[in-house]
There are 2 protein chains.
Amino acid sequence: MKPINLKKLAQELDLSVATVSRALNDRYDISQATKDRVRALANKLNYEPNPYASSLRRQKSKTIGVVIPEVANHFFSLAINGIEEVARSNNYHVLIYLTHEDYQRELAMARLLASGRVDGLLVSVASESADFAHLEFLRERGIPIVFFDRVYDEMPTAKVTTDDFESGYKATRHLLEAGCRHILHLAVSQNLSIGRRRMEGYVQALADAGRPYEESLVLLARETKQQDVIQIQQLLEAHPEVDGIFASVESQAMSSYEACRNLGRSIPGDIKIIGFSNLEIAALLDPPLTTITQPAYSIGKEAAKILFLAISKNRVISPTQSLVLKSELVVRASTLPAPQAARPAYTLT
Amino acid sequence: MKPINLKKLAQELDLSVATVSRALNDRYDISQATKDRVRALANKLNYEPNPYASSLRRQKSKTIGVVIPEVANHFFSLAINGIEEVARSNNYHVLIYLTHEDYQRELAMARLLASGRVDGLLVSVASESADFAHLEFLRERGIPIVFFDRVYDEMPTAKVTTDDFESGYKATRHLLEAGCRHILHLAVSQNLSIGRRRMEGYVQALADAGRPYEESLVLLARETKQQDVIQIQQLLEAHPEVDGIFASVESQAMSSYEACRNLGRSIPGDIKIIGFSNLEIAALLDPPLTTITQPAYSIGKEAAKILFLAISKNRVISPTQSLVLKSELVVRASTLPAPQAARPAYTLT
DNA sequence: ATAAGTTCCGTAAACGTTTACGTAAATAAA
DNA sequence: TTTATTTACGTAAACGTTTACGGAACTTAT
């Protein structure tokens, strides 16, 4: 059941292929009568142009690529939502690539995308990536790139991020104000600028409060969640003075909960926790988790908008188009200063 | 900075375009010496074949499409993960389309996919969809389709699902055994076979326990989460006898938690809750949520495998290839029979 | 020596569009 | 009337691959 093409339409209508094509594209030099005839038949036969022939000829793929570390993470899910929304409204298609934080995969994907498969790219880099030649290469090939969240700072293009320094600062200060003296920072890879910025915020808040920065109170994410939990437990046992945790990654906040549970530490009685998170159910956790929430949907949407602006105007993207959106601190029970107030009101009334 | 193509390589090497193409594709009728020369230059210049030209000529897109209701849902996120994994290992690309449960969007996407843009399709249908002519149309056009989770039963193709009847039965029986007498079912749209099957399991479990099935104790999801919460609250107030909730959708379990919280009902003291969910943090909720957990990653992976088998063998997919994977009942505190045991051990020791 | 077979490569057509260019017919201007 | 302009369409080339076909040049068999 071969799909029908222009040639078949043309035969049927006793017109040339060119005329049919122009009629369907609503060109000025085709009579209204012919256009109507052509469209009627096209509709009747459910004609749909072959996208590859079209892309080849026009040198436009009508497709963008999204490169992200993972999709089973609420932040990226929401971002994709925003991206897909904008793409659809521009009649674009969305190819998705998951790096799983693996630099090698990111590299392989860059190769695949180098030959016009996509008209543009939205990228959140893998935490392993330290070298960015592969992305520079894509730029040289003329593929516009917009970074979101996990950006490659040095590339002169637009980046859509959140106020990571301020967020790290706010989170840490919030813990300090809740009475924490020794705060564990579960940090994002320092390869990534968001990792460095959140760390700087953490350090600055400590300094402003006259607290020392202790290198031993910083941990990076491991390969698996189970490793994270163990790592946190070990640190909590080695440093019993720790009374606060600032998780820069959503999953690390959850790992902290598990570690505390395993060790019998109460939250927020013994340890207060704040975490970057986009989970709607943070409020339903035991105890409800205080979060720094990023506007994930908006980040995806705005990044996509910038990309489509560049694609449609056929212009190079300027770093000045970069956007910094604000994260929101949502205070919940996991950082309540007074332990006796920590019990949520509705359990076992 | 135009990407280089076969013609440029051929010029540089003083060979014909055909020879270069065949060398790169490792054909038998090209000498090893020539292959080496060609590959060396191709590597040096970072040649990457134009996918659209290749697709057009070969009539193969090396791309599959994934059509799902949403991505901000842990089940689908995990499924995509499995799908992407299989696709990548087959050197395929993944186009993603979100229907947002909207039949019109699903229809529009079917149109777009009708002309060879994808070699195959993995579909989880929108709950609004009652008519499936658009999917039949794609089949007629020769595009193999594998359904996963939300299937269109009548189409003679493979479907990868979970044991929905048994899951509904197990969930309901579990609540009954925990002492529930009046169980509210937050159901999936009865347009969908998974909705009907889970419902049948619910009804059968009630019958086997000698309990009546009450139509008034069944609710369907609304447009927004807020509407769901309100709807549940209203029902709980109108039916104070309800002492158990079976949520067939992840988000509905969360809405139930909120509703109970708003009404001051304790879980599991006043009301016990069980829900379909793929959230890893179900165990960290307050109280920990008893779940029916679907093997989402495997579902995606197996569905993709079936699709690629069909694509590579160029064969039509048979309904006999369908797979039914087992869901798992994970018992946690939200359905504990004895109210006094409901308090998790680690809060405020 | 010629015939037959093999090896290696080139020519050209094809995939289904889009578009630069050309042109016949119809209309308007002179 | 002739000339210029407009309208509406066809011809053919192009996008970058892949591949059927053919044929030199070389090797082996006779």
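Predicted model: local features only at pLDDT ≥ 70, side-chain atom pairs only at ≥ 80, totals over all residues.
Local features need pLDDT of at least 70 and side-chain atom pairs count only at pLDDT 80 or more, while totals for chains, interfaces and linings use all residues; side-chain values use heavy atoms, with hydrogens and water left out. Residues are numbered from 1 along each chain as its sequence is written, and chains are lettered from A and ligands numbered from 1 in the order in which they are written. Helices (H or I, at least four residues) and strands (E, at least two) are DSSP runs, numbered from the N terminus.

**Helix packing in chain B**

- Helix α2 (residues 17–24) of chain B and helix α3 (residues 32–44) of chain B have axes that come within 9 Å and cross at roughly 90°.
- On the α2(B) side you'll find Thr19(B), Val20(B), Ala23(B) and Leu24(B), which meet Thr34(B), Lys35(B), Val38(B), Arg39(B) and Ala42(B) in α3(B); contact means heavy atoms within 4.5 Å.
- The residues of this contact split into 5 nonpolar, 2 polar and 2 charged. Here Ala, Val, Leu, Ile, Met, Phe, Trp, Tyr, Cys and Pro count as nonpolar, Asp, Glu, Lys and Arg as charged, and the others, Gly among them, as polar.

**Nonpolar cores**

- The largest nonpolar core has 78 residues, and Leu184(A) and Leu184(B) are the ones with the most contacts inside it.
- A core in this sense is a set of buried Ala, Val, Leu, Ile, Met, Phe, Trp, Tyr and Cys residues joined through side-chain atoms within 4.5 Å. Buried means under 20% relative accessible area, exposed over 50%, and partly exposed in between (1.4 Å probe, protein chains only).
- Not counting residues up to four places away in sequence, Leu184(B) touches a list of residues including Leu217(B), Val218(B), Leu219(B), Ile232(B), Leu235(B) and Phe246(B).
- There's also a second, separate core of 65 residues, and Val86(A), Val94(A), Val71(B) and Phe308(B) are among its members.

**Aromatic pairs**

- Over all chains, the structure holds 17 aromatic pairs. Rings of Phe, Tyr and Trp (its six-membered ring) pair if their centres lie within 6.5 Å; planes under 30 degrees apart count as stacked, over 60 as edge-to-face and the rest as tilted.
- Phe147(A) and Tyr152(A) make an edge-to-face pair, 6.3 Å centre to centre with 85° between the planes, and both residues are buried.
- Tyr202(A) and Tyr213(A) are edge-to-face as well, at 6.2 Å centre to centre and 85° between the planes.
- Tyr202(A) counts as buried at 1% relative accessibility, whereas Tyr213(A) is partly exposed with a relative accessible area of 37%.
- Phe75(A), Phe76(A) and Phe148(A) are linked into a cluster by ring pairs.

- Most residues other than glycine have a negative phi, and most peptide bonds are trans.
- In chain A, the peptide bond from Ile267(A) to Pro268(A) is cis, with omega near 0°; Pro268(A) lies in the loop between α11 (250–263) and β9 (272–276) of chain A.
- In chain B, a cis peptide bond joins Ile267(B) and Pro268(B), with omega about 5°, and Pro268(B) lies in the loop between α11 and β9 of chain B.
- Ser266(B) is in that chain B loop too, and is buried with a relative accessible area of 4%.
- Asp14(B) has a positive phi, near 60°; this residue is in the loop between α1 (6–13) and α2 of chain B and is exposed, with a relative accessible area of 69%.
- Asp149(B) also has a positive phi near 60°, but sits in the loop between β4 (145–148) and β5 (159–162) of chain B and is buried, with a relative accessible area of 4%.

**Around Ile292(B)**

- Ile292(B) lies in strand β10 (residues 290–293) of chain B and counts as buried at 0% relative accessibility.
- Leaving aside neighbours within four places in sequence, Ile292(B) has contacts including Ser167(B), Ala171(B), Ile274(B), Phe276(B) and Leu329(B).

Conventions
Axes fitted to C-alpha atoms, helices over the stretch in contact; angles between N-to-C directions.
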